[in-house]
Amino acid sequence: MEPLQNPSRRKALKTGLVTAAATTAVQSARAAVRSKEPGETKIVAIMGDYWHPAVSQELHVRAILSPLKDWKLYFVQRSSAFTPELLQDADLLITARYGGADSIGWSDEPVVVSRPKGDPYMTDEQEAAIIENVTKRGMGWLAVHCTLFTGRKAIEDLMGIEPILHQEIQPVVVRDLNPEHPITRGIDTFFFNLDEQFDAEIKDPSRTTVLFRTLAVHDKRDALGGWCLEQGRGRVVGLLPGHYQWTYRMPQYQEIFWRAAHWALKRDIPPFPGPSMS
Amino acid sequence: MRRRMLRLAGVAAILVMMCGVVVDAQTKDAVRIAFDDQAKRVDLRTGKTIPLCTLAERGSIRFYLNRLDRADEFFHFYHDGLRTARITDLEQMEKVQPRFAIWRIRFASGGKNTPRVQHKAVSFIPVTAEGKAGERVYLRLDDLKLIDWREQVN
């Protein structure tokens, strides 16, 4: 055990600098929130973690929505920047994160030797901001893949489901697409090479619309795949596929994503022109 | 004579009340279980069908992975790999998808999960509604649909 000693001036200065840097980081995360420009559709996305590749998710979501020039995507790089201030004027939120701290701490250094501890996610403040903005302000929400495993009952209630864990990663067929709903109308059965087939139980079938179901090829499990519902003034779409980049590369899923974003925003759904990246 | 009769009646009444309290305590302290509607309730050791019961003696529940002579006070489940759930950390487990051995596990900490459970069998000492403990029974875990360790309130 180290003997107790008075901190040296150098150590005190160093400690002070570290504290100041941490405080500045949080402050700068809040200050980094830019006001929405006139005519802009603001989309905030927080996607990716240890199990789910943030790089490909961001690339594909940007590509899917790229034909919409007035839609601006704000990808959150560290969870402490996912603040009420960021959400307060967002039109659409896209999440694909389970509940758990950022796997690696964020750094803006070009070369990193050691990283800071990852920011916590999801916090009470973040949970409250999502609920408030969806139900009171009418923000749309695409709750993708592992979002159902935040471990927060209020978030599950907002999604309208009780989560069920996936099993082995395997090929997954998307089927029973709802022919009546604009998000899935006219889209035929398709499959993903590999995915985690999450499942969920709908809490209130009377006000939830099933968009599609999935079938896991290896274990033949039938599961809920997509659904939507109104929550207060906002709209929520749950899309459970989305583990690997394979999923976001499927043209049919890209189209579902495109349509779901428009539906959650209460906008007319234009034909999907196809992404700029395939 | 009358006084003796009254005394005897009083003692009998107290004994009956005490028995009632003991029975009530035993059943209240028990772990609540529920059989699956499709359960055959065949004891894996004796091959005999066991009677329906809704209570198990607290502390008597054990899980078995591959062998009935190796009792575990935990079970394994698949999440991002094999994980372990200890009975002491559990509040409740409720079967969700029998075909895939998927249970909703609620932890005393407030957390929950709905994974596939790896352990295949369970044993416990059944407790009758009268609070009487029976012989230990060994069953397929799939024969049950609920194990509820929470204290019973009412």
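Trainee: What makes H7(A) count as mostly covered?

Mentor: In this predicted model, 12 of the 14 residues of H7(A) are buried, that is, each has 20 or more other C-beta atoms, placed from the backbone, within 10 Å of its own. Among them are A:Tyr253, A:Phe257, A:Trp258 and A:Ala260. Local features need pLDDT of at least 70, side-chain atom pairs count only at pLDDT 80 or more, and totals for chains, interfaces and linings use all residues. Residues are numbered from 1 along each chain as its sequence is written, and chains are lettered from A.

Trainee: Which elements do the buried residues of H7(A) pack against?

Mentor: They include helix H2 (54-65), strand E3 (92-96) and strand E4 (140-144) of chain A. Contact requires C-beta atoms, placed from the backbone, within 7 Å.

Trainee: What makes the set of 86 residues a nonpolar core?

Mentor: Such a core joins buried Ala, Val, Leu, Ile, Met, Phe, Trp, Tyr and Cys residues through C-beta atoms within 7 Å. This one is the largest, and A:Leu92, A:Leu142 and A:Ala260 have the most contacts inside it. Helix H7 of chain A gives the most to this core, with eight residues.

How values were computed:
Helix = DSSP H or I, 4+ residues; strand = E, 2+ residues; numbered from the N terminus. Contact = placed C-beta atoms within 7 Å.
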